[in-house]
Amino acid sequence: MSRILTMLFAMAFIIFAVAGGVASAYLVGYLAEEYLFEGASRLTNILFLMLVFVMITATLLTLAERKWSAFMQDRVGPNRARLAIPGLSNRSLGGIPHIITDVLKMLTKEDFVPGQANRFLFNLGPILAFAPVFALFAVVPAGPSVNVFGKTVDMVVATPDFGMLYLLAIASLAVYGTSLAGWSSNNKFALLGGVRASAQMISYEVALGLSLVGLFLAFSSVQLPALVGEVGNALVSGTGQAKYLWRTDGTFDLGLPAWGIFIQPLGFIGFFVASFAETKRAPFDAPEGESEIIGYFVEYSGMKFGMFMISEFVEVVVLAGVTASLFFGGHHLPFGGEWLAAQPFFQEHGWVYGTLLGTVFWIKVILLIWVQLVIRWTFPRFRYDQIQNLGWKILLPAGLANVFISGALVLWDPSLRALGVVGLLEIGFVVALTMTTGAKAADAHDAAHGHGHDAHGHGHDAHGLPAHADAHSHSPAGAH
Amino acid sequence: MADSHNTDAQKPHNPDTDGFAHEESELESHFQTKNMVINMGPSHPATHGTVRLKVELEGETIVKIDPEIGFLHRGFQKSCENVTWTQCLPYTDRLNYLSAMMNNFGFLNAVEKLIGLEIPERAQYIRVIGSELHRLTDHLTCVGATGLEMGGFAPFLYGMEARELIQDRVTELTGARLTTSFGRVGGMNRDLPEGWSEKVKKTLDRTEELLLEMDGLLTRNRIFVDRTKGTGVISAEDAIDYGWTGPALRACGVDHDLRKVQPYWVYDRFDFESVVGQHGDNYDRYLVRLEEMRQSIKIIRQALDTIPAGPIIVDDWRIALPPKPEVYGTIEGVMAHFKLVMEGIQVPPGEVYDATEASNGELGWYLVSDGRGRPYKVHVRAPGFPVLSALPHIIQGKMIADLVPTFDTINMIGGEVEQ
């Protein structure tokens, strides 16, 4: 019971902390607009979105990953570090002091540079790996643009016309960091890792971009704020993902929103898999592959190694943020959004409304991060050529097919309803596929076990061979 | 070097510039490539124990691999010649350190065969129970490590939980976690502790649950299947030629289990199956080990249920230490104790080869005695050695990522390979 209470308290604490962060982001944005110049809130957003939110989430992720993997693996997880503060000296505090000890360890370690390494490129590696992923979040809207005491405050750093293209371009820059790190270390294992990383990231760029084309077609834009859309009201219907495919009539809006996941499930799977491969985390961690080639950062120590690690976590946060805004409606509620926006209280106090929806966005982000952690700690690693096969032979054709089908459907029915129907069918198909394979696997399992009760078979009877055949009939969609 | 003398003797051979040295046409010059030689080990995350694999790579493909052993060489066979037969026992712990009891009992069985001794029935049961417990720990480690080194950390830790539980039971039985030195020539030195059977049965229940978890995480995991199925393949003929035994051979489809083929101790009384695979690939080796654990659990359950009462060691003061009251109370007891401790067991002159089914295969012992109370020669046929020697045959021409699961599923243990 106390454990459940602790967890509920922790969840509530996280939500309130996020809400507090969003609220202060809006209020500081207002102050900047008021006392500096028009559009100054974009500058404070750099501070809040990219430094406060992304960095703090990424830092906490170092602990969250260790704790969550521990829960999945029947362990307690980090709980040894203590703070020497009276009253707290005997509490593990959920392992939070471990973040401090990790940072201290990284900072105080010897900064080792291999003798034959190219010093300049060796030092450039971690910077090039870290900086691009850090800059990615600039185009992701983390909340609605609201009116705070008469000033319009945005919750996005930049809204360039090229929107998502900026994201794809900057994301592909990160490969330089890893391949330079691999090459300049003058280490054969690191070189192998760097080569693997560059091959993997370059081949997934194509699938990554292609999987989003369907979405761009549906919403006729590549700008993230336009893709997220704006809530409608009694007179105009919502735009982007705030639009409803079908909705009930009445003041309280209930219905199926045009979220990316509903109209582009195939695109979602492709995007999520491809961007997972870009983060170089398991099951796509062949560049690291610590039991084979140790990884492209094998020669790095101290904070330079820490930069590679933290850039991985920042990528996780950014990926969750981008996925939330592209496929899960960004900061919009699944229902009741229009009703909420129409409330006089929220129309008057824009920053409260913004805080509410901003919190919704970050909750979605946290859930998507959690999904990534679960995937990370469930699957073994792909082999290098299997990663390439998945990218070129499955994701790329699937993405192409998705583009053509989506294009035709958007052309046929611009209200996106046809796309929604096909999307729901696709979701149902994937779910059914996953369920049936599970049932068949369970049958085969029983067969293998039942076999154990037979009399001792002579010679070449093969245990678990039904499972063999079955495992290969898994569909690629079912595997993800 | 030789061809550089033949073609153009003036120029020294230089692999870096030769590609541009063709004077006929610059268009014909090709980019010179060199194969990359990397060292996996002696200290590498994927090496069990300390073994060095010199791997020559062309891209990601293994052109040549050369396993190099000797980093754990301890002179086990020579050391045995300087101590009494009983004192060899602690050395045998360190062979396959994951299943020390099987080494202990295998050695004792060979010595008893050399003497021509039949040990009490209860002792035979205890040996079966101990062996199967350690077969479980060995296979758990192997299967868990296979998952771990392919990036799935969870199955490894589930395996470790089961292994720790079994390790606790082993500690209660023998007094040590790893280096058990359990059993003596002629029987056992300790009986099963009070209430131990019940605890073991509980442990086995939990182990079965954990096996299901590992099974669920790995067996039908698409990535795991892709990585293991069809990789590390060896044909049954090749496996036999290389001298493979145990689960690795059975995975090739050869039904050869010493517990079935030439039953020793009381193995013929239990209902269990010899688990046989078909393809000889990593996936089959993994499945065979997984199923063998279930069979081991079955054997232990039966043995615990049917273990008879009775003595645990032969009543022969030339072989077994006399009971303590006799040592302290009678002159015969003191003398027998003194002679046994100082001179050792007087094994009659002769030689013997005896083998038991250890976790990785046939653990064979070739013992020679000259009747002086110390071994004249001890040679152990470690199952890991032939398995490791076949690694180049299996893996050459395959990808480096295949090396890791292959190296895991053949389960070569440094301690027994290098003795």
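Select A:Gln200 first, a residue in helix α6 of chain A; here helices (H or I, at least four residues) and strands (E, at least two) are DSSP runs, numbered from the N terminus. The model is a predicted one, in which local features need pLDDT of at least 70, side-chain atom pairs count only at pLDDT 80 or more, and totals for chains, interfaces and linings use all residues. Residues are numbered from 1 along each chain as its sequence is written, while chains are lettered from A and ligands numbered from 1 in the order in which they are written.

**Around A:Gln200**

With 24 other C-beta atoms within 10 Å, A:Gln200 is buried. A residue is called buried if 20 or more other C-beta atoms lie within 10 Å of its own, exposed if 12 or fewer, and partly exposed in between, with C-beta atoms placed from the backbone. Next, display A:Ala277, A:Phe284, A:Ala286, A:Pro287 and A:Ile387, which A:Gln200 touches when residues up to four places away in sequence are not counted. Two residues are in contact if their C-beta atoms, placed from the backbone, lie within 7 Å. A distance to draw is that from A:Gln200 to A:Ala274: the two are 74 residues apart along the chain, and their C-alpha atoms are separated by 9.8 Å.

**Two loop residues of chain A**

Move to A:Ser220, in the loop between α6 and α7 (224-228) of chain A. Although A:Ser220 is not a glycine, its phi is positive, at about 50 degrees. A:Ser220 is exposed, with 11 other C-beta atoms within 10 Å.

Then select A:Asp74, in the loop between α2 and α3 of chain A. A:Asp74, a residue other than glycine, likewise has a positive phi, near 70 degrees. A:Asp74 counts as partly exposed, with 13 C-beta neighbours inside 10 Å.

**Helices α2 and α3 of chain A**

Show helix α2 (residues 41-72) and helix α3 (residues 97-108) of chain A, whose axes come within 9 Å and cross at roughly 105 degrees. Axes are lines fitted to C-alpha atoms, for helices over the stretch in contact, and angles run from 0 to 180 degrees between N-to-C directions. α2(A) and α3(A) are therefore roughly perpendicular to each other; angles under 35 degrees count as roughly parallel, over 145 as roughly antiparallel, 65 to 115 as roughly perpendicular and the rest as oblique. At the meeting place, A:Thr59, A:Thr62 and A:Leu63 of α2(A) face A:His98, A:Ile99 and A:Asp102 of α3(A) in contact. This contact has 2 nonpolar, 3 polar and 1 charged residues. In this classification, Ala, Val, Leu, Ile, Met, Phe, Trp, Tyr, Cys and Pro are nonpolar, Asp, Glu, Lys and Arg are charged, and the others, Gly among them, are polar.

**The core**

Select A:Val314, A:Val317, A:Val318, A:Val365, A:Ile369 and B:Val111, the residues with the most contacts inside the largest nonpolar core, which has 237 residues. A nonpolar core is a set of buried Ala, Val, Leu, Ile, Met, Phe, Trp, Tyr and Cys residues joined through C-beta atoms within 7 Å. α6(A) contributes the largest share of this core, 17 residues. Beyond its neighbours within four places in sequence, A:Val314 is in contact with A:Val54, A:Ala58, A:Val133 and A:Phe134.

**Where the chains meet**

Colour the two chains separately: their contact takes 38 residues from chain A and 41 residues from chain B. On the side of chain A that touches chain B, α16(A) gives the most, with 4 residues. That side of chain A divides into 16 nonpolar, 12 polar and 10 charged residues.

**Chain B**

Chain B has 18 helices and 6 strands. Of its 419 residues, 52% count as buried. Within chain B, select helix α5 (residues 121-149) and helix α17 (residues 400-410), which pack at an angle of about 170 degrees with their axes 9 Å apart. α5(B) and α17(B) are therefore roughly antiparallel to each other. B:Cys142, B:Ala145, B:Thr146 and B:Glu149 of α5(B) make this contact with B:Val404, B:Pro405, B:Asp408 and B:Thr409 of α17(B).

End at B:Gly152, in the loop between α5 and α6 (153-174) of chain B. B:Gly152 counts as buried, with 26 C-beta neighbours inside 10 Å. Leaving aside neighbours within four places in sequence, B:Gly152 is in contact with A:Phe379, A:Pro380, B:Gly147, B:Leu217 and B:Leu218. B:Gly152 and B:Leu218 are 66 residues apart in sequence, with 8.6 Å between their C-alpha atoms.
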